[in-house]
Amino acid sequence: MSEINREAVAHLARLAHIEMTDAELDRMAGELDVIVDSIKSVQEAAGDDVPATSHPIPLTNVFREDVVGETLTNEQALSGAPDSADGRFKVPAILDEE
Amino acid sequence: MSELTRHSAARLAEMLAAKDVSSVEVTQAHLDRIAEVDGNVNAFLHVNTEEALAVAADVDKARAAGEELPVLAGVPIAIKDLIVTVGQPTTAGSRILEGWMSPYDATVIKKIRAAKMPMLGKTNLDEFAMGSSTEHSAYGPTRNPWDLGRIPGGSGGGSAAAVAAFEAPLALGTDTGGSIRQPASVTGSVGVKPTYGGVSRYGAIAMASSLDQIGPVSRTVLDSALLHEVIGGHDPHDSTSLTDPVGSLAEAARTGDVRGLRIGVVRELQGEGYDAGVQARFDESLELLRGAGAEIVEVSCPNFRYALGAYYLIMPSEASSNLAKFDGVRYGQRVLPADGPMTIERVMGATRAAGFGDEVKRRIILGTYALSAGYYDAYYGSAQKVRTLVQRDFDAAFAKADVLISPTAPTTAFKLGEKLDDPLAMYLNDVATIPANLAGVPGISVPGGLADGLPVGIQFLAPAREDARLYRAGHVLESLLEEKWGGPLLAQAPDLAAAETMSGAN
């Protein structure tokens, strides 16, 4: 068995900013436990001598010329925002008032 | 149905160039077909009537004036709704982006516009491309034109169903673990995942950035080659974009010869787990290729058995990071918590709870788990090592063979709902397509015939940057099979207009 139980899922959901009901937490814990059990065999595939690959095609860092390029206008950037004011994204309080 | 919708894109391009037909007529014929059958198929989330007809009229005007036009000018195309478009909504199949209008075009969309191809609309997909059946779309499933009770594959079921139902001659898809090739397989159409970096990803809403690739969807191999030439090439907006020239892919498709080509049968991608009908069609295709002068060799890729596990660690890890941006601040829906303090964190929690479907939540949680302190080395680190082993398997196989061959998917299209409550069973659909994404190599799925009346796909894989080989081998197999069938496989698909009339009568 893997370590995914209801408490672990509740913790992960908080980290991922997804509110979950009790029923969702229970169901997700069961499903994830089965999934993790079935994919944990990757741990036995490679020894310490095998390097990790993060990217399919070897690449080096890419830089562009340091000149002003084409970007979105302020209006375009805000066009899909749920709320904005004074040319900026507007959000609810960052800190809880306690 | 207008006969115009039965033609391949290559044939339509010829007819348009010869002025046998106008682009407005061709585009209208496809819009009519969409109106006729899409109530049942549900391939389209948005139909772009006005702009498509305006682009078509522009092409006709330019042609009448004797202007030099790109090859596919006036040939319409459908766009997977994961790719951002100015003037049409982009939803990614998710509630969280319902009605969102992108302020910029993806690079491939800029290229489609430059090629003067009318865009018919945006096609359905599993939410954020997460799924193998299109059932995870927030806007209802797409149905398979071969049997409306079955899945069209996923995540690009909408694009595959659109070309298979003659609603569009061409479409764009995206392939992270098989989302172009597996839908092609189960709908009797053609789909190509180019070499990673061969087509710009700029403007494709990212699921797993090191695996995602945009590619062509069509009914013929040549049509995919022609579309690949339009969308391929270097893009400074995508720092993983290759600087290589695209190459003459249509010319490769027209080679018409596999004599001396070494085709490697991957021992691990057949047999157990593959339907008998799928295996039978696969064996027939091998015999045809052998008869045409190809050299069939067996290759072994022992580490492919770890590929699915590695994929379901790497993909959710990258997705959990990529999807963090959907937080109800800069775009998309914002949902306020029902009660309690109204802080940004709680608004994000409520927004993501309401905006994401179950499969997306499952993958975000799984990815967050795989990346969390204490588990990172055991899961994500191990999966990245498997990636190295899969690449080494490919290297060894391509030392013996010019291309590899396998069934595209282990089964034909399953029934809607059949695997919806069993995520693990759903994941197994991608077992033959995932290795290519882990290694970045290109792959194509071409129709291989029917098993119990449902399409089977044959997959070719080539080394990175050797996409041309896919078109060469794919086109030869297509020709050999069509000769045997007496025409394209899709000519045997049921009449959807009749199905529409019947459901209307019920």
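In which loop of chain B is the place of B:Ser155? B:Ser155 sits between strand E3 (119-123) and H5 of chain B, and the peptide bond that reaches B:Ser155 from B:Gly154 is cis, with omega near 10 degrees. The model is predicted.

**Contact between chains A and B**

- The contact involves 48 residues of chain A and 59 residues of chain B.
- On the side of chain A that touches chain B, H1, H2 and helix H3 (74-78) each supply at least two residues.
- H2(A) gives the largest share of that side, with 7 residues.
- By class, the side of chain A that touches chain B has 33 nonpolar, 10 polar and 5 charged residues.

**Helices H1 and H2 of chain A**

- Helix H1 (residues 6-15) and helix H2 (residues 22-39) of chain A have axes that come within 9 Å and cross at roughly 105 degrees.
- An angle of 65 to 115 degrees counts as roughly perpendicular, and H1(A) and H2(A) are therefore roughly perpendicular to each other.
- From H1(A), the residues that meet H2(A) are A:Arg6, A:Val9 and A:Ala10.
- Their partners in H2(A) are A:Leu25, A:Asp26, A:Met28, A:Ala29 and A:Leu32.
- The contact of H1(A) with H2(A) has 6 nonpolar and 2 charged residues, and no polar ones.

**The loop between H2 and H3 of chain A**

- A:Thr60 lies in the loop between H2 and H3 of chain A.
- A:Thr60 has 5 other C-beta atoms within 10 Å; a residue with 12 or fewer is exposed, so A:Thr60 is exposed.
- Between A:Thr60 and A:Ser41 there are 32 Å in space, C-alpha to C-alpha, and the two are 19 residues apart in sequence.

**Domains of chain B**

- Chain B divides into domain 1 (3-296 + 387-505) and domain 2 (305-381).
- The centres of domain 1 and domain 2 of chain B, taken over C-alpha atoms, are 28 Å apart.
- Domain 1 of chain B brings 30 residues to the contact, and domain 2 of chain B brings 24 residues.
- On the side of domain 1 of chain B that touches domain 2 of chain B, at least two residues come from each of helix H13 (377-400), helix H14 (423-427) and helix H15 (434-439) of chain B.
- That side of domain 1 of chain B divides into 18 nonpolar, 7 polar and 5 charged residues.

- Helix H10 (residues 307-322) of chain B has 16 residues and reaches 22 Å from its first C-alpha to its last.
- That span of H10(B) is close to the 22 Å expected at 1.5 Å a residue.
- Of the 16 residues of H10(B), 14 are buried, so the helix is largely enclosed by the rest of the structure.
- In helix H5 (residues 157-164) of chain B, 8 of the 8 residues are buried, so this helix is also largely enclosed by the rest of the structure.
- The buried residues of H5(B) include B:Gly157, B:Ser159, B:Ala162 and B:Val163.
- B:Phe166 follows H5(B) and has a positive phi, near 60 degrees.

**Helices H7 and H16 of chain B**

- The axes of helix H7 (residues 221-231) and helix H16 (residues 467-485) of chain B come within 9 Å, with a crossing angle of roughly 155 degrees.
- Angles over 145 degrees count as roughly antiparallel, so H7(B) is roughly antiparallel to H16(B).
- H7(B) contributes B:Val221, B:Leu222 and B:Ala225 to the contact, and H16(B) contributes B:Tyr471, B:Gly474, B:His475 and B:Glu478.
- The contact of H7(B) with H16(B) has 4 nonpolar, 2 polar and 1 charged residues.

**Positive phi in chain B**

- B:Ala129, a residue other than glycine, has a positive phi near 70 degrees.
- B:Ala129 is found in the loop between E3 and H5 of chain B.
- With 29 other C-beta atoms within 10 Å, B:Ala129 is buried.
- B:Asp452 also has a positive phi, near 50 degrees, in a residue other than glycine.
- The loop that holds B:Asp452 runs between strand E10 (443-451) and strand E11 (454-461) of chain B.
- B:Asp452 counts as exposed, with 9 C-beta neighbours inside 10 Å.

Definitions and conventions:
Residues numbered from 1 in each chain as written. Chains lettered and ligands numbered in written order. Predicted model: local features only at pLDDT ≥ 70, side-chain atom pairs only at ≥ 80, totals over all residues. Domains from an automatic or database assignment. Contact = placed C-beta atoms within 7 Å. Helix = DSSP H or I, 4+ residues; strand = E, 2+ residues; numbered from the N terminus. Nonpolar A, V, L, I, M, F, W, Y, C, P; charged D, E, K, R; others polar. Expected span 1.5 Å × (residues − 1). Buried ≥ 20, exposed ≤ 12 C-beta atoms within 10 Å, placed from the backbone. Axes fitted to C-alpha atoms, helices over the stretch in contact; angles between N-to-C directions. Parallel < 35°, antiparallel > 145°, perpendicular 65-115°, else oblique.
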